[in-house]
Protein chains: 2
Amino acid sequence: MAKEKQFVKEITDMNEDFPRWFTDVVIKTELVDYGPVKGTMVIRPYGYAIWENIQTELNRRFKAQGVKNAYFPMFIPESFLKKEAEHVEGFAPEVAVVTHAGGEKLQENLIVRPTSETIICGMFSKWMQSYRDLPIKINQWCNVVRWEKTTRPFLRTSEFLWQEGHTVYATAEEAEKDAQTMLGVYREFAENALAIPVFTGRKSEKEKFAGAVATYGMEAMMLDGKSLQAGTSHYLGQNFAKAFDMKFLDKDGTLKYGYSTSWGVSTRLIGALIMAHGDQRGLVLPPVVAPVQVIIVPIASHKGGVDEKAKELAEKLANAGIRAEVDFREASAGWKFNEWEMKGVPLRIEIGPRDIENNQMFVARRDTHEKNSFTLGDVSAVQELLKDIQSNMLEKSRKLRDEKVRWADNLEEIVKGVDGGFVKAPWCGCRECEDKVKEVASASTRVMAEGSYEGKVCAVCGKPAKTLVYFARAY
Amino acid sequence: MAKEKQFVKEITDMNEDFPRWFTDVVIKTELVDYGPVKGTMVIRPYGYAIWENIQTELNRRFKAQGVKNAYFPMFIPESFLKKEAEHVEGFAPEVAVVTHAGGEKLQENLIVRPTSETIICGMFSKWMQSYRDLPIKINQWCNVVRWEKTTRPFLRTSEFLWQEGHTVYATAEEAEKDAQTMLGVYREFAENALAIPVFTGRKSEKEKFAGAVATYGMEAMMLDGKSLQAGTSHYLGQNFAKAFDMKFLDKDGTLKYGYSTSWGVSTRLIGALIMAHGDQRGLVLPPVVAPVQVIIVPIASHKGGVDEKAKELAEKLANAGIRAEVDFREASAGWKFNEWEMKGVPLRIEIGPRDIENNQMFVARRDTHEKNSFTLGDVSAVQELLKDIQSNMLEKSRKLRDEKVRWADNLEEIVKGVDGGFVKAPWCGCRECEDKVKEVASASTRVMAEGSYEGKVCAVCGKPAKTLVYFARAY
């Protein structure tokens, strides 16, 4: 965590109380507010704009994979949820149930979707008659509901927004490959759009999705060393195909079940952004998803055409595709500097009467706090800086993270290592060892790690290792 | 309705059975499918792409009005809905109710939003402390639920997608002006993006939104002469401000209630597109919102570099911002022509070996069925054609519509006029006359019409007229 002294008074010192720092930041920067129903959140314009940028970035990547957006009903007949045994077991405890509608008691209860495998597979079974109809690759942006006991804005809320991709293929190989491809898409997106380095890999049986054959996860380390599951991709095999009769006539003239996948990321990603990049002053947003990339603050406004020049500059930047705004509010420049720093805007440009005389602008970076003068209206300098901030944030995060990944050969080292970081350790693969680590270190396996485990023994039980794995405390 | 003979066999003749033609078109063009729960719909990729284009067009216009997107929780505490007396009376009969969540009975039932005035006003009251915080102008894209007895895809479904704008101002004048401004935004959007001419104006007391002081509506005439309410904008006065304690400290140091508005359009607009422009062959989509603007069909594929040229052309068009695709499927050219005509793609380009020899491409318009040759790869010719189709569709619709608006001086003429068209008539403004027209002609007042009513008498009761109004049967 950053050692810098706390700057904005209203925000709790992140070194003293990280969870409270998080709450302060999300509320005071107006990313989010609490809804009237327990565990719900209102995503305010500044937060929603981040989500829209995430959507734009992901939609472009999905399209390149041949995935098309669609929309499926939110209400799932209770009987649908029950068709896949593991699935219902996993989700039944946390669903919201509609029992009445239109003034009458319903004949069958409706589940508000916690995820849409059941309803989408029900439709896929209608749409796939022949091998020619495959693959089907669909994505949906929507709200989902999971009734949680303990909630926190963005991280865990009763209702949240997400995207859920659903595909069906003729063969296991293709479907398994899709699950991995989409994990790769998420990884590239996390690194290049969110500037967050991630560990990706297969999840343990204990941690996998209810109804999946295999779940692949993307884990991001937060500044406090805890892990945030930032995205998952599931290979569902024929589990849902069999439950929903997803059959097709193959080239050989026989009816076969398809193989499906699903993969999703949610508004949790906004929580990841905050906790991966923030500092004592508040948010630090990577340019690719920042709602405002450049804030222009006129100094000694109303003097010497400052406002006009500021507006002109904003238009020039906007024409170059940069999200730029001028802060014309009646407030001191110092107050505005603090406010926009707290809001994490990547670049601040100051223009005063003297700058106009000298044909220059003063540019301050949010990430490094570097300040430099440039020729007034030098758009390419701004573009270069934004690019540099984006890559600098990723590198800085990667360095911070890698310093906090420790190797463990035994339980003691695991316990020590998960206190403020991730642990990489050899593991036998059995549930008992996972439960043991949970019990003594409040940590769980996150994803399998790459690297040789041959000749090594499980750090928990000492039996021969079957994999390397990351252990961490998780949000 | 078009007199052309029915072309695609699978689609019902629109002159024989317009409702069935509509259903055939939406299902067979894969815009939509029926969900497993009664009255719900699945918006398939081809339909959802239209919705995404509508979103892009509206977001641009909203942004120009200073409106920002946000997201509010879907669950409304039952007590919230009850705070505005008229509002609850209007919506209570058609809401879906969550009574259980997380395995327990809830202490207070939750309403799945039928519209979000109550929850949004609840948040506004928290965010508006001073006149400096006003106006607040927010829009939300989301799903809403209204439990309807009779449903039809896009037109009336238990769950649908929409946008709902919500604003609050310090004065009545500003709020009233906002309601009218947004009606104007909708009108311009309907005409220029959807190519649908609309009548806009104030709604009667009977037809207004539950909780509004005044509702303004946008009515579009479908090909069968019936009206489709395509958008509404409400001036809510202080009704919700008082119910939700939306107070602010004004410049004069006193606490005052704000004045609010709300305005929305929904996936109904897709229904409007179909029924305003369709023909015997299926959809006819205006280029601005068409998912595919240009479909390229290679003729005698695999010969003489046809596929390569087709791909090259698609890329060239895409680089110019045109949504173009090549149909590489294994099927006859004739089959593809029918399919894409049914799907309403504005332009079809055919390229065969001889076209390549002659450096030309054959271009067919969906709206007029005109066909012409152009130089192969002439992007600006394609752009011009798309523009021409867009304006031609609006003019054609306007002409068709205006022919079907008849003046009525008495009830008999109203009855005759609403059979396949709109009626413009002087009206006394009273509810009894509206009910009478409903009873004898199954028609309702749609919006007030412009024009002089002085010296005229109500076409229903003969008393002095207080306005001109449009009567029509409505979807």
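Which residue of chain B forms a salt bridge with A:K126? The partner is B:D33, with the closest N and O atoms 2.8 Å apart. A salt bridge here is a side-chain nitrogen of Lys or Arg within 4 Å of a carboxyl oxygen of Asp or Glu. Between chain A and chain B, 2 salt bridges are counted.

The model is predicted: local features need pLDDT of at least 70, side-chain atom pairs count only at pLDDT 80 or more, and totals for chains, interfaces and linings use all residues. Residues are numbered from 1 along each chain as its sequence is written, chains are lettered from A and ligands numbered from 1 in the order in which they are written, and side-chain values use heavy atoms, with hydrogens and water left out.

The contact (heavy atoms within 4.5 Å) takes 50 residues from chain A and 50 from chain B. The two chains bury about 4100 Å² between them, 65% of it on carbon and sulfur atoms. Buried area is the accessible area (1.4 Å probe) that two parts lose on being put together, summed over both.

Volume is the space filled by probe spheres set on the points, which are joined across faces, edges and corners. The count is 6 cavities of 30 Å³ or more. A:P197, A:M221 and A:K404 are among the residues that line the second largest cavity.

Key:
1 Å grid on protein atoms, 1.4 Å probe; cavity = no way out; pocket = protein on both sides within 12 Å on 5 of 7 lines; lining within 4 Å.
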